[in-house]
Amino acid sequence: MKIISVANRKGGVGKTTTTINIATALAAIDKRVLVIDFDPQGNATTSLGISKSREQISSYDVLVGAHRASEAIVKTELPRFDLIPSSPDLAAAEVELVDVSEREYMFKKALQKMPQSYDYVLIDCPPSLNLITINAMVASDSVLVPLQCEFLALEGLADLMKNINAIKRNFNPTLTLQGIVLTMFSKQNNLSKMIEADVRKYFGNKVYETVIPRCVRVAEAPSYGKPILIYDFKCTGAQAYVRLAKEFLIREKEF
Ligand SMILES: Nc1ncnc2c1ncn2[C@@H]1O[C@H](COP(=O)(O)OP(=O)(O)OP(=O)(O)O)[C@@H](O)[C@H]1O
Ligand SMILES: [Mg+2]
């Protein structure tokens with residue numbers, strides 16, 4: 001079982017979309033996948049057509065130790081694809097856990113006790129480096145970073161790498177960078193191309209060759225509660241996510 005945090009401190013860069021669609025593509029080729037919605041916004045949960053209610057057991061309950069991970073798992077409409085939903089309560093976790101000892105390790109401990117075995121666990125992180133994201137990264141083997149090619153993207157990325165290294169030093173020495181995926185790319189935009197060239201220059205083969213284009217259908221899919229691969233398999237965005245999942249597996253030497 002490999003646990004991967006999908007993270008970037010910047011908001012709206014495609015973390016949730018990338019999490020859900022890599023997971024869908026992996027499940028489609030027989031991998032057993034668990035997505036953990038670890039963002040109080042709950043976008044991964046609603047994008048999968050599952051409502052977020054305070055009554056349902058959520059990633060918050062798992063984090064604070066009120067419930068086991070296995071009790072929080074729900075099935076999605078897709079075979080081999082399970083979810084631990086989010087709850088708005090997660091927003092308060094940071095404050096609630098302030099006095100708890102070893103609070104950075106709480107989620108790691110909870111996931112270690114999970115009896116179910118998955119090939120991949122993908123944690124959709126919130127857009128900040130708070131205690132929730134730290135718990136996700138401490139519980140993870142690697143971090144997958146979606147990046148939008150826009151002004152100052154490289155500075156943001158450098159900061160994120162510092163954060164990841166700090167977590168590595170302090171809490172999780174074996175944490176690695178899974179890769180960087182360029183999202184919402186516009187071919188017509190020269191700035192996007194320049195930034196892509198810079199990111200590739202500095203981060204080399206850590207950057208996936210597959211680039212996710214901006215695609216209206218991708219933006220529509222969440223409101224239908226479906227991953228883009230199910231909503232419109234043929235659109236450019238869905239096809240890019242299929243290629244990304246394939247490249248991901250090739251790099252994992254599983255293809
Ligand atoms: N390739 C794409 N083409 C067009 N729209 C996209 C694409 N990828 C994502 N979007 C849209 O952009 C918005 C932000 O994407 P997403 O929610 O995946 O980002 P995020 O990083 O998870 O955001 P947050 O930081 O708020 O959690 C969403 O409305 C999503 O539907
Ligand atoms: Mg998100």
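Modeller: Helices (H or I, at least four residues) and strands (E, at least two) are DSSP runs, numbered from the N terminus. This is a predicted model, where local features need pLDDT of at least 70, side-chain atom pairs count only at pLDDT 80 or more, and totals for chains, interfaces and linings use all residues. Residues are numbered from 1 along each chain as its sequence is written, while chains are lettered from A and ligands numbered from 1 in the order in which they are written.

Colleague: Thanks! How many helices and strands does the protein chain have?
Modeller: There are 12 helices and seven strands.

Colleague: And the strand order in the sheet?
Modeller: The seven strands form an open sheet, β3-β4-β2-β5-β1-β6-β7, with mixed pairing (two strands pair if DSSP finds at least two bridges between them). At the edges, β3 (74-75) and β7 (176-183) each pair on one side only.

Colleague: How do β2 and β5 run, parallel or antiparallel?
Modeller: Parallel, with five bridges joining β2 (residues 33-37) to β5 (residues 120-124). Within that pair, L34 has V121 of β5 as its bridge partner.

Colleague: Switching topic: which residues are closest to ligand 1?
Modeller: G11, K15, T16, T17 and P127 are the closest of the 20 residues that surround ligand 1; a residue is near a molecule if its C-beta atom, placed from the backbone, lies within 6 Å of it.

Colleague: Which helix gives the most to that shell?
Modeller: That is α1, with three residues. Both α1 (15-28) and α10 (216-220) supply at least two residues each.
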